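Biologist: Please put the model on screen. Then I will ask, and you answer briefly.

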Amino acid sequence: MKTILITGAGTGFGHEVALRLAAKGFDVIAGVEIAAQVHAVTEDAKKRGVSLRVEKLDVACEGDRQKAADWDVDILLNNAGISEGGSVADIPAENLRRQYEVNIIGPVMLTQLVLRKMVAKKKGRVVFMSSVAGLTTDPFAGAYSSSKHALEAVASALSQEVKEFGIEVATVNPGPFLTGFNDRMFETWKSWQDDPSRRLFDYSKIAFPHEQYDPEPVFETTIGVLTGAIDTYRNVEPKEIIPQQREQLDAIWSQKVTDGLGKRPELVQKAYDIKPATPV
């Protein structure tokens with residue numbers, strides 16, 4: 001029986017994936033950010049008739065991370081993450097630092113600890129829950145997107161570095177899925193400690209600028225990547241947006257700095273026009 005450690009298992013993708021893997025008979029360690037989630041996830045597991053181990057594991061807390069150094073983990077899913085919304089021109093330094101601490105520093109430090117036992121066994125798998133935001137970037141998501149761009153670099157470098165030790169590395173790259181995560185990103189401004197009069201944008205009028213999909217494909221793909229049923233390095237969902245992602249990446253090569261200057265870009269306007277939690 002393989003042991004799978006999933007961070008950020010208190011909510012969202014990590015929560016559902018942890019429960020489904022437990023139902024499949026895997027030895028699951030569900031890492032949650034806060035103590036209250038230990039009870040909540042344990043109760044959810046009981047309702048589903050499955051058994052898993054729930055641990056408080058705030059990836060940004062060194063003490064929590066050090067506990068994981070003693071666990072014998074075969075597969076690690078770095079799923080924990082937060083999303084700080086707002087223009088690059090406005091986001092406070094404190095929020096920006098928190099974005100990187102949770103999405104980059106914490107997962108990398110945790111991975112370092114867990115990797116040691118994998119290397120000793122000459123086998124293991126590390127999966128990073130990235131995002132299409134790690135490939136392309138939307139307005140008002142620069143902080144979040146930049147953290148996922150960094151995660152893509154971390155995963156790519158690590159993949160090359162640990163091959164000789166028999167360690168597999170992969171990414172899962174969800175697009176816009178209706179879990180509440182994207183919409184909460186556009187509400188973080190409510191707790192900013194700044195001078196609202198100096199902001200370039202009125203965030204009360206702006207929402208996540210995409211229609212959002214049902215998250216089922218992400219659950220299934222993530223489970224496939226974790227269990228080895230899917231062996232591709234990068235795994236974008238939904239698959240129907242892959243051509244659009246490639247088109248956006250290619251367009252950067254011919255983009256001019258003067259393109260659309262003085263006009264509001266289409267996606268910025270859509271952020272004003274769309275309602276939160278708009279489904280596809």
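Modeller: One definition to begin: a helix has an expected span of 1.5 Å times one less than its number of residues. Helices (H or I, at least four residues) and strands (E, at least two) are runs from DSSP, counted from the N terminus. The model is predicted, so local features need pLDDT of at least 70 and side-chain atom pairs pLDDT 80 or more, while totals for chains, interfaces and linings take in all residues. Numbering starts from 1 along each chain as its sequence is written, and side-chain values use heavy atoms, without hydrogens or water.

Biologist: Why is the protein called as compact as a globular protein of its length?

Modeller: The fold has 9 helices and 7 strands. For 280 residues the globule rule gives 19 Å, and the protein comes close to that, so it is as compact as a globular protein of that length. The rule is 2.2 Å times the number of residues to the power 0.38, with the radius taken over C-alpha atoms. The radius of gyration of the protein is 19 Å.

Biologist: What percentage of the residues count as buried?

Modeller: Buried means under 20% relative accessible area, exposed over 50%, and partly exposed in between, with a 1.4 Å probe and protein chains only. Of the 280 residues, the buried share is 49%.

Biologist: Among contacts between residues at least 6 apart in sequence, what percentage join residues at least 24 apart?

Modeller: A contact is heavy atoms within 4.5 Å. Of the contacts at least 6 apart in sequence, the share joining residues at least 24 apart is 74%.

Biologist: How far apart are the centres of the positive and negative side chains?

Modeller: Lys and Arg count as positive, Asp and Glu as negative; His and the chain ends are left out. Each charge is placed at NZ of Lys, CZ of Arg, CG of Asp or CD of Glu. With 33 positive and 38 negative side chains, the two centres are separated by 2 Å.

Biologist: How many residues of helix 1 are buried?

Modeller: Among the buried ones are Phe13, His15, Glu16 and Arg20. Helix 1 is mostly covered, and of its 12 residues the buried number is 10.

Biologist: Is Ala22 buried or exposed?

Modeller: Ala22 sits in helix 1. Leaving out residues up to four places away in sequence, Ala22 touches Val28, Val50, Ser51 and Leu52. Its relative accessible area is 10%, so Ala22 is buried.

Biologist: Which residue with a positive phi follows helix 1?

Modeller: The phi there is near 100 degrees. The residue is Gly25.

Biologist: What covers the buried residues of helix 7?

Modeller: Helix 7 (residues 216–227) reaches 17 Å between its end C-alpha atoms, close to the expected 16 Å. Its buried residues include Val218, Phe219, Ile223 and Leu226. Their cover includes helix 1, strand 4, strand 5, strand 6 and strand 7.

Biologist: What is the phi of Lys122?

Modeller: Most residues other than glycine have a negative phi. Lys122 lies in the loop between helix 4 and strand 5, and touches Phe165 and Gly166 beyond four places in sequence. Lys122 is not a glycine, yet its phi is positive, at about 60 degrees.

Biologist: Where is Phe140 found?

Modeller: Phe140 also takes a positive phi, of about 70 degrees. With a relative accessible area of 6%, Phe140 is buried. Its place is the loop between strand 5 and helix 5.

Biologist: How does Thr137 count at 46% relative accessibility: buried, exposed or partly exposed?

Modeller: Thr137 is in the loop between strand 5 and helix 5. Beyond four places in sequence, Thr137 touches Gly142, Ser145 and His149. At 46%, Thr137 counts as partly exposed.

Biologist: Which residues does the cis peptide bond with omega of about -5 degrees join?

Modeller: Most peptide bonds are trans. The cis bond joins Glu237 and Pro238.
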